[in-house]
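The following exercises concern the architecture of one protein model.

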Amino acid sequence: MSDPRNDAHDKKVAKGKNTPEPAQVDTAEVSEVVTAQPSATHQGSLEVLAKLKELEFHSRAAIERLAELAMTVEDELKQKDFAAPLSEVYAAQSTVQTRLTALIEAYSTECERLGS
């Protein structure tokens, strides 16, 4: 039987012989890769979109927490004086959430346009 290390070495050498030299790479392939990268404007827009989505996530979490607090204040603690102001804050956060979601949809469309 042959030594498995020799077989592995032979495979590695054979594979290395089939690999093209860097000078043999077609320049058309290289330019195709370069053009596939997003422009600076598109890349920056994608970063802004990611941050907007993160804000939307936190906004949604804030709405959920406000709803829980409103129930606690009104139902469990029976602090009716604070129920209305808390509802106003909830409504304001809900408006922010709605507008943020609409902005994300519009900005996402713009990012897609920039990417094509």
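Predicted model: local features only at pLDDT ≥ 70, side-chain atom pairs only at ≥ 80, totals over all residues.

Residues are numbered from 1 along each chain as its sequence is written, and side-chain values use heavy atoms, with hydrogens and water left out.

**Exercise 1.** Determine which secondary structure elements the protein contains and how much of it is buried.

Solution. Step one: helices (H or I, at least four residues) and strands (E, at least two) are taken as DSSP runs, numbered from the N terminus. By this rule there are 4 helices and 0 strands, in the order α-α-α-α from the N terminus. Step two: a residue is buried under 20% relative accessible area, exposed over 50% and partly exposed in between (1.4 Å probe, protein chains only). Of the 116 residues, 16% count as buried.

**Exercise 2.** Compare the span of α3 and of α4 with the expected value.

Solution. Step one: the expected span is 1.5 Å times one less than the number of residues. Step two: α3 (residues 40–76) has 37 residues and spans 53 Å from first to last C-alpha, close to the expected 54 Å. Step three: α4 has 36 residues and reaches 52 Å, close to the 52 Å expected.

**Exercise 3.** How do α3 and α4 pack, and which residues of each are buried?

Solution. Step one: axes are lines fitted to C-alpha atoms, for helices over the stretch in contact (heavy atoms within 4.5 Å), and angles run from 0 to 180 degrees between N-to-C directions. The angle between α3 and α4 is about 160°, and their axes lie 8 Å apart. Step two: angles over 145 degrees count as roughly antiparallel, and α3 and α4 are therefore roughly antiparallel to each other. Step three: the buried residues of α3 include Leu 49, Leu 52, Ile 63 and Leu 66, and their cover includes α4 (80–115). In α4, Leu 86, Leu 100 and Ile 104 are among the buried residues, and the cover there includes α3.

**Exercise 4.** Describe the backbone and the exposure of Lys 78.

Solution. Step one: Lys 78 is located in the loop between α3 and α4. Step two: its phi is near 55°, a positive value in a residue other than glycine. Step three: the relative accessibility of Lys 78 is 57%, and the residue therefore counts as exposed.

Terms used
Parallel < 35°, antiparallel > 145°, perpendicular 65-115°, else oblique.
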